[in-house]
Each structure stands twice: as structure tokens, then as C-alpha cells.
Amino acid sequence: MSAESSRRVSPSMEGAAGGARKSGLSCAECRRSKLKCDREFPCQSCIRRGCSNICPEGTLAATKGNKVLMAHTQRLSEQVKSMTTRIRELEEALHESQKVNHSESEPHPLLRAPSLSHKRVQLPELQTIFDEEVRDVSDSIGSLSIDFDGRARYHGESLGSEQCFEPLFSAQQSTSTDPKYLGLPFEIIDLCNAYPFGLRDSQYTKYLFLPFLPPRERALQLTDLYYQNVAWMFDPIIRDDFMTNILTPLYGHTGSPNINNIHSHRLSVFFILLASGALYEQSSSSGVMAEQYHALSRAALSLDPIHQDATCATVQALFMATRHIYLTDCANNEGRWLLMGVVGRVAQLIGLQRDSAGWGLGHEETQRRRILFWEVYTCDAWTSIGNGRPPALSINHTDCWFPEDLDPVTKASGVVEIGWHLWKFRYSASCLGISLQHVFNKHVRSYSSLLELDRKIRKFSLPSHLQSPMEASEAGRAWSLEARRAMQQYSALCDREGNLLYIHRSWSAQAIREAPANPLQHKYAPSVLAVYRSACRLISSLGGLYQVHPHPTSREWFFWSGFFAACNALGALVADSPRCSLASNALQELDRAMTLYEQGSRPCRPPATMLVLRRLRERAIGSFNAAQRDIEQTSQPSDELEMLGGRKSVMTRSATDSPASSASGPGGRLSELSDEFARHVDPSIVQYYGTLADPNIVLPATGDLELDNIPPAKLPSQRDAILQEDINTPSPFFDPTLQVAMMKQAHRPAQNIAGPK
């Protein structure tokens, strides 16, 4: 029976084909080969093996293993040997014949070149795309610290400035308390030691935690403190979700706790939320209480291994623990980094990077997963930039939609603006994700691509309620009287200006290194100006926020980290380029910043950072005074400049260059920059930086210089610019409606997709 005939055989046909057979039996060849037969003849196994003509009664000749293939190989090998021998014999005979008949003539044409029999066959070199691309990589590989025991630590060029001086802080131990000193039982301590992966075969039960559950009223009090003081920045579990799925099942309607109603990982979320809330309680014992709840959260998560029982609650508990360490243990940077990596892996384990609507999980679960993914992605992105290491999550690997806007703001005119959290997600998808690719790409990115990225960040729309003044107040802008709203205002500014500072920092260091007399005449002058302006805005705006809300501002590490980086950028500018026209203003800003930093950063920053700033200020003043007296100084770049350029190694000085090292040498001018990029970059970029480079323009720390309101700059040459990439053309990293949604205020929240469908 042929393969094209009907696959189902009737009983009469079956009898005609091979005699009496029991219906339902596999074909003879499948039984012999021990293969699964679909019992529809000819079966699919026989069709795939090319023997459908013998199905169902016939069988192939028995073979053992690969004997058939080996026999063919051996036969071909013998044939090659025979032909090689024959060719040699013919060549020798031809050579002898030529010697007898044409002894003085030229060698026969077949004998001039080496024959195949005597030539070793050269196999083509096996190369991959990676082999070709790896030769054209950025020379700025960051810094590597290695001690005498071989312990190593890597930081890339976007490294947060406080990490650059890590050996200085090595004597400062982690401030977290060992669980064994918190008065907890041995079983809890044993579970804590298994954090975060958990015990494989745990003999403990959730009843261990029953004595440590606070009364319902006390739990509600700490919950309020958490959502007022912590969740304003990252909110991985919204209040309604926490109340509905954790607090209410745990306490019921009577207030009597029933620990069997929730999973151990949700119990971990409960304890870590209480721990973070207790930090903001005005009590002498709040610190110890927060440490106890933190230890209980770690122990509860370890009851069930995260690789077996991973849920959204697992990611929430780990993420909130990372945030708690940010608030309590500023010396434990590497612990936070590693734990954030675990958060990203568990998020991928449960598929948060893919949108959940296609799985039909229901509206509530879908929104929970979307919120959680974008919170994790945003935090992971900033953590990677601060540490100079690639992130655990990539925007290229997600199609997760943005969640619904849960905190929109209605203006007096009735127009509804998107809230902080949704704006944060959109900014992360459209600007921060591209910045990560620019910073961590192994290839040398062109300077024009940096300027295009700069413009994307500056043009990204910011709702009016998130716009912050540069001082305590400003015409048309003011700090919110509500602390968490004011903190969100500065966070929005910190996201944008900090992003600009990090992407321009190494290029600015390159310009200062190559043209210390006047970096504003270097071809990378736009980066010098961008770093200077972003540093001034970060410092001045935080000063205004501190005047209005001093207590919550002093406890936020994220703010002071950017502040410290801004101080280092200004100090390096003055110390290494004291004759620059920006040096005088930069030194004044540094003086004001140090006073604010010393007063406001004590609760959350390592105290030794103040010593670093004092030393930097002394060097800056010395360089500036020497320049004023026309005293020549050594041209050796400062440590701060080397670190800003991504060239500093803690143990030994690295010989690597900044990302711009492959470009042309020193001597480039701003006029050349405008002339070179005018054909390929949006004219407003050239106009923007051309205006900033005008020696008559005042560059205060305050005030706003918007792209759309720039006075015409006098450039050396004006050419018709051909836009290489339209800012309004959506990137493949975010949805087509993103720009429209940000520029157009809607009267009701809209749901948009973050990636391409």
C-alpha cells in the first residue's frame, strides 16, 4: 500500500494485505524497532523512515546500531585511498614519459602545480559573527579590583561615584544585625541562614511564626507607615492587593491570626512590609524591631525553596527585601546587587517578562504581574547603572504591557495627567532601556548616537505635577506640601538628570583630559556642558527639596547617591580644567553642595564620603588658585577624572581609554562638531549645544533651558539637516502610542502596550 493511499485500512483490506491480523496491533516494523505506532497504516513512523511500502506486515532487515552507516563510511574511505594511490601512479608515469620523450622541455601542465595527492587540504577558518565583532569593541572596559587573595570586583564606566572609593569604605562593616542577636529561636535562625534559596527538605512549619505576629491594629499601623514613606518610589504590591490577599486572610474578620490561610512567601511579604514600615516609627526600639521583622521575612521565604514554589509573592518579598536593605544598610552594596539579580531571575522564572493577558489569568492577576515586572525592571536598570554592570533584564526580551494608571492626577482645569508610577514605567521603557544599551554595548557608539539619545531624554514629556523647582520655589512650580508627592517630583528630575550625567560622563572626561586648558573648545564640549548642567540641577533642586521636607529627604539614599556623583563631576572639572569658563561657577556650586551634603546625608550615606569630598575640594581650590596666578601645574589627570572616564582600577591604574578613544585625537573644536554632525543630527541638538557654548550666555544652576525655546545660535555653518532618526518615530522598545500618550493628556487612564505586538 503506498503512502498516498488512504491511511486507514478496513478489515477486509487488512486481511487481503497480510492475512488475519488483530485490529489494534502495531505494525510489524514498529514492533520490531520498538517504536510507537499510530496504527493507521501506513503509520507515520514507517512514512518518516521511508518504508511505508512494507507497512503494516513487512519488516526491514535487522541491523545493529550504526553498522550500515559505518559500512558506507569504510567503503568510501577505501575508495578514496584507492583513487589517491591511482593518481600518484599516473603522475609518476606521466613524469617518466616526459623525461624519455621531452627531456629538455617544460614540465607537463598537470605537473607544474602541486597535485591534490601531495597537497594538504586547507579547511576554511571557522569564524562566527562574534569573532568578527569582538575586534571592534570599546576600549573603556571599566575597572577591576583584585586583592592579593585573588578576590575580584568589576565596575563599568557608569559606576556610581561612591562605589569608586569602595576600598576606603572596606573597614566599614555592614550595619545589619545578625539574627542570632535578635532574640529569635534557633529554628528561625536556621531558616535565615538558608535565605534566599530556602531549605530543600524543611522540617519546620509556619507555626514557628505565630508568636511573632503582631495584633491586627499594630499591623495596620505599620502598613500605613510603609505606604506613606516607602511605596512612593517602588510599589511592587499595591495596598488593595496587600489588604485583600495577605492581611485579611491572615487575620480574618475577628482579628485572630490564622497562619494556615496564606503561603509562606506571602507571609514573607507581610513581615518585610512591617520591617520597612517600622523604620519610620518614632521610637527608640524601631530599628531593632525592623531587624526582627526583616529576619522573620527571610526565614518565612526559606520555608519553601524559591525554585519550587516561586510565585508573584516570591518576587515581591525578594524585591521588597532589596529595597529594605537600601534603606538600612548602605555599606552592603554587593549584597543588594546580588539579591537584585536573584529577583530578576525569579521574575523570569515565573514569566513576568511576557504579558499575561494571552494566558487568560484574569484581570487582577494580569495587573499584578504587569505592575511587578515594571517595578523590577526599573529598579534593576538603575541598579545596573549605579554599579556599572549589565542588568539582569533586557527591554528586548519583554512584551509586557504597562499596567493601568492607579494614581492619575486631575488638574484644576479638569485635565487628567498620568501618575508617577506609570510615568516611571514609560520612561524606563523608552529612555532608560536605550541608555542601558548605549552604556553597556561592547562596541564604540558614535557621538551622534549619544546626542540623539540626549535629545530623546530631554524631549520626553513630564506631567506638570511632577515638574520640580530648582530652589524652594520657582515661578509656576513649587514643591508639593505632601512629602511623598514632593519626593516623586525630585525622583522624576533625578531620573532624567542622573541619566544624562551617566551617559555623558566618560565623554566629558575625555574632553577635559585632551583639552584641559579649555574643554569647551573640544569636539566633545556638549558632554562637558551636559554634565555640568545636570550636576548643578541635581544639587540645586535637592537643596530646595531639603528645605521643604528635610526628614524624608535625608533618608533617601537614591537622592544622595546622585548628589555625590554630581559633586565629583564638578570637582573634577575644576581640578583638571581650572581655566575653563565654567570652573568658577562649578567651585561655588561645590562649596554649597558640600555644606548641604554634610548636613543632610548623615542618616543614609557612608560618613567617609565626606572625607572624599573635602579632599576633592582642596585639590579643586588649589588648582583654581594656581590657574588664577598663572602657575603651571602637572597635566596628570586626577583620580576623580580617571574614574569618571571609566579608566580607574582600584589596585593599579588601567591603561584603557574612554569610549571616545577610538575617535580622532585632541584638537577637535566645537565648530567642527557642529559642522560634522549638522548633516546627520536634528538641528535642535546642534542649536541647543551651540547656544550653551556661547561665551555670553549665563549658565545658572537654576532656570530651565528648553529645547523648544532656544534662541538662534550663531554657528559656523548652517546646512540642511537630514534627520537620521525622528524623535516621534517609535523605537522598537516601546509601543506606538507611547509618545502620543505622553504628549496628550487624557481624561481617563488608558492602557498601552510596552513592546511591539
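How many salt bridges does a search of the whole structure find? I ran that search and it finds 20 salt bridges, a salt bridge being a side-chain nitrogen of Lys or Arg within 4 Å of a carboxyl oxygen of Asp or Glu.

Notes on the source: I am working from a predicted model, in which local features need pLDDT of at least 70 and side-chain atom pairs count only at pLDDT 80 or more, while totals for chains, interfaces and linings use all residues. Residues are numbered from 1 along each chain as its sequence is written, and side-chain values use heavy atoms, with hydrogens and water left out.

First entry: I looked up Arg 370 and Asp 355, whose side chains meet in a salt bridge at 2.8 Å, N to O. Arg 370 lies in helix 16 (residues 363-387) and Asp 355 in the loop between helix 15 (333-349) and helix 16, so this pair ties together parts that are 15 residues apart in sequence; helices here are DSSP runs of H or I with at least four residues, numbered from the N terminus. Arg 370 counts as buried at 3% relative accessibility, and Asp 355 does too at 11%, where buried means under 20% relative accessible area with a 1.4 Å probe, protein chains only.

Glu 497 lies in helix 19 (residues 483-514) and Arg 537 in helix 20 (residues 525-548), so the pair ties together parts that are 40 residues apart in sequence. I note that both Glu 497 and Arg 537 are buried.

Technical notes
Helices (H or I, at least four residues) and strands (E, at least two) are DSSP runs, numbered from the N terminus. Buried means under 20% relative accessible area, exposed over 50%, partly exposed in between (1.4 Å probe, protein chains only).
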